[in-house]
Amino acid sequence: MSSNSASNSAYAASLVAATALAKTLSSPLPPLPPPSSYDGHVYEPSDDTYLMVDAIAHHLSTSSSSPTKVLEIGTGSGCNIVKAAQCLEGKGEFMATDINPKAIEAAMALWKATFDGSSSPPPTLQTFESDLLAGQSELDLLIFNPPYVPTPSSEISGSGIEVSWAGGVDGREVIDRALPIIKAGVAEGGVVLMILVDENKPEEVIKMWGKGEVLV
């Protein structure tokens, strides 16, 4: 990836934009329950999950510092926040939000299956049945696999599985609403890992971010 300065701001947050979906699974997923356990209510791990898991593992293995406050927006199955905790050996504060209560249940079940009995005491996951950051701030690492699929605007409302992918016009309606909130919630020097596709016009998103270092 190449690095370009988005502004002269000293605020050193980073936005990592993946512009293609590819199963580049060099870092394994956490052990997963059978697909039937999601019962059609929770977004099952897919290519974008694999891509994010790799991004998390790469970032945390190459970063010069370890985040202590980690949050995932729209956790779904919980794979990404679990992977972050695994990479950090359970050290830190871990949080996940989702407006789908079934996703919160699935994420917590995966967390417990992964960590219960693995250490004493096991790491804890704080969950919020909520949109975006649930009021959290000073985040060192924020993980966001947004609903990026272009759809009619009417499809982005609700609390079921459809909100996992429905992004509205250009797949950007949720992303555009989220960016100012994310910028305000990330600590100085914090990092945002977010997936984008070409239809989202990543260059525009990067301009909207407008501070710190951008990796594309």
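Q: Where is Glu 89 found?
A: Glu 89 is in the loop between H2 and strand S4 (93-97). Helices here are DSSP runs of H or I with at least four residues, strands are runs of E with at least two, and both are numbered from the N terminus.

Q: What kind of model am I looking at, and how are the residues numbered?
A: This is a predicted model, in which local features need pLDDT of at least 70, side-chain atom pairs count only at pLDDT 80 or more, and totals for chains, interfaces and linings use all residues. Residues are numbered from 1 along each chain as its sequence is written, and side-chain values use heavy atoms, with hydrogens and water left out.

Q: OK, back to Glu 89. Is it buried or exposed?
A: Glu 89 is exposed, with a relative accessible area of 63%. The scale goes like this: buried is under 20% relative accessible area, exposed is over 50%, and partly exposed is in between (1.4 Å probe, protein chains only).

Q: What about phi of Glu 89?
A: Phi of Glu 89 is near 55 degrees, which is a positive value in a residue other than glycine.

Q: And Glu 138, what's phi there?
A: Glu 138 isn't a glycine either, and its phi is positive, at about 55 degrees. Glu 138 sits in the loop between strand S5 (125-128) and strand S6 (139-144). With a relative accessible area of 53%, Glu 138 is exposed.

Q: Let's zoom out. How many helices and strands does the protein have?
A: There are 5 helices and 8 strands. Along the sequence they run β-β-α-β-α-β-α-β-β-α-β-α-β.

Q: How much of the protein is buried?
A: Buried residues are 47% of the 216 residues.

Q: What share of the contacts comes from residues 24 or more positions apart?
A: Taking contacts with a separation of 6 or more, 76% of them are between residues 24 or more positions apart. Contact here means heavy atoms within 4.5 Å.

Q: Now the helices. How do H1 and H2 pack?
A: H1 (residues 47-62) and H2 (residues 79-87) pack at an angle of about 20 degrees, and their axes are 9 Å apart. That makes H1 roughly parallel to H2. The axes are lines fitted to C-alpha atoms, for helices over the stretch in contact, and angles run from 0 to 180 degrees between N-to-C directions. Under 35 degrees counts as roughly parallel, over 145 as roughly antiparallel, 65 to 115 as roughly perpendicular, and the rest as oblique.

Q: Which residues of H1 and H2 make the contact?
A: On the H1 side you've got Thr 49, Met 52, Val 53, Ile 56, Ala 57 and Leu 60, and on the H2 side Cys 79, Asn 80, Lys 83, Ala 84 and Cys 87. By class, that contact has 8 nonpolar, 2 polar and 1 charged residues. (Ala, Val, Leu, Ile, Met, Phe, Trp, Tyr, Cys and Pro count as nonpolar, Asp, Glu, Lys and Arg as charged, and the others, Gly among them, as polar.)

Q: Tell me about Ala 57. Buried or exposed?
A: Ala 57 is buried, with a relative accessible area of 14%.

Q: How do H2 and H3 cross?
A: The axes of H2 and H3 (residues 101-115) come within 9 Å and cross at roughly 30 degrees. That makes H2 roughly parallel to H3.

Q: Which residues meet there?
A: Cys 79, Ile 81, Val 82, Ala 85 and Gln 86 in H2 meet Leu 110, Trp 111, Thr 114 and Phe 115 in H3. This contact has 7 nonpolar, 2 polar and no charged residues.

Q: Last one: where is Ser 77, and what is it in contact with?
A: Ser 77 is in the loop between strand S3 (69-73) and H2, and it is buried at 5% relative accessible area. Leaving aside neighbours within four places in sequence, Ser 77 is in contact with Tyr 38, Val 42, Tyr 43, Pro 45, Ala 106, Ala 107 and Leu 110.
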